[in-house]
Amino acid sequence: MNKFDKKFFQKFDFTEAQIERYFANALRDLEIARQDPFLEVRFTYSYQALLKGGIALIAKEGQMKVRSIPGHHIKVLGKMAELL
C-alpha cells in the first residue's frame, strides 16, 4: 500500500465504536438518498455516503484520520481504491 500523504491524513488510534459511527453515518446518508424523490438530493447524499464510507475504511484499515482540507475528498476516493 502506498504511503498516506501527511497533508491529508494523520495517524490516529480509532476505537471500534468510532469506526462503527463512521459507517452508521454513511448508511444514514444512503437511506436519505434512497427515500428522497429529488435526483439532486439523491446524488448529493449518495456521494456523501461514499466519502463517509471511505473515511471509515481508511480509519479501519489504515488507522489514519482524514484531515478536512480542500481536496481531501479526492484523496479519500484514491485511497479507497488502493485499499479495496
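Me: How many positive and negative side chains does the protein chain have, and how far apart are the centres of the two sets?
Reply: The protein chain carries 14 positive and 10 negative side chains, with the centres of the two sets 7 Å apart. Keep in mind that this is a predicted model.

Me: OK, what about the fold? Which elements, in what order?
Reply: From the N terminus on, it goes β-α-α-β-α. That comes to three helices and two strands. The radius of gyration is 13 Å, close to the 12 Å from the globule rule for 84 residues, so the chain is as compact as a globular protein of that length.

Me: What does the C-alpha trace span along its principal axes?
Reply: About 40 × 25 × 20 Å.

Me: And how much of the chain counts as buried?
Reply: 27% of the 84 residues. The chain exposes about 5800 Å², and carbon and sulfur atoms supply 59% of that.

Me: What share of the contacts comes from residues 24 or more positions apart?
Reply: They account for 73%, taken over the contacts with a separation of 6 or more.

Me: Let's go to H2. How far does that helix reach?
Reply: H2 covers residues 39-62, so to speak 24 residues, and reaches 33 Å from its first C-alpha to its last. That is close to the 34 Å expected at 1.5 Å a residue.

Me: Which residues of H2 are buried?
Reply: Ala49, Leu51, Gly53, Gly54, Ile55, Ala56, Leu57, Ile58, Ala59 and Gly62.

Me: What follows H2?
Reply: Gln63 does, with a positive phi near 50°. Gln63 sits in the loop between H2 and E2, and the positive phi is in a residue other than glycine.

Me: Back to Gly53. Which residues does Gly53 touch, leaving out those up to four places away in sequence?
Reply: Phe23 and Ala26. Gly53 itself is in helix H2.

Me: Then Phe23: buried, exposed or partly exposed?
Reply: Phe23 counts as partly exposed, at 36% relative accessibility. This residue lies in helix H1 and, with residues up to four places away left out, touches Gly53, Ala56 and Leu57. Those three are also among the buried residues of H2.

Me: How far is Phe23 from Ala49?
Reply: Their C-alpha atoms are separated by 8.8 Å, and the two residues are 26 apart along the chain.

Me: Switching to Asp29. Why does Asp29 count as buried?
Reply: Because Asp29 has 0% relative accessibility, and the cut-off for buried is under 20%.

Me: Where is Asp29, and which residues does Asp29 touch?
Reply: Asp29 is in helix H1. Not counting residues up to four places away in sequence, Asp29 touches Tyr45, Gln48, Ala49 and Lys52. Of these, Ala49 is listed among the buried residues of H2.

Me: Last one, Gly78. Where is Gly78 found, and is this residue buried or partly exposed?
Reply: Gly78 is found in helix H3 and counts as partly exposed at 34% relative accessibility. The C-alpha atoms of Gly78 and Gln35 are separated by 28 Å, and the two are 43 residues apart along the chain.

Technical notes:
Residues are numbered from 1 along each chain as its sequence is written. This is a predicted model: local features need pLDDT of at least 70, side-chain atom pairs count only at pLDDT 80 or more; totals for chains, interfaces and linings use all residues. Side-chain values use heavy atoms; hydrogens and water are left out. Helices (H or I, at least four residues) and strands (E, at least two) are DSSP runs, numbered from the N terminus. The expected span of a helix is 1.5 Å times one less than its number of residues. Buried means under 20% relative accessible area, exposed over 50%, partly exposed in between (1.4 Å probe, protein chains only). The radius of gyration is taken over C-alpha atoms; the globule rule is 2.2 Å times the number of residues to the power 0.38. Contact means heavy atoms within 4.5 Å. Accessible areas come from the Shrake-Rupley method with a 1.4 Å probe; for residues, only the protein chains shown count as cover. Lys and Arg count as positive and Asp and Glu as negative; His and the chain ends are not counted. The place of a charge is taken as NZ of Lys, CZ of Arg, CG of Asp or CD of Glu.
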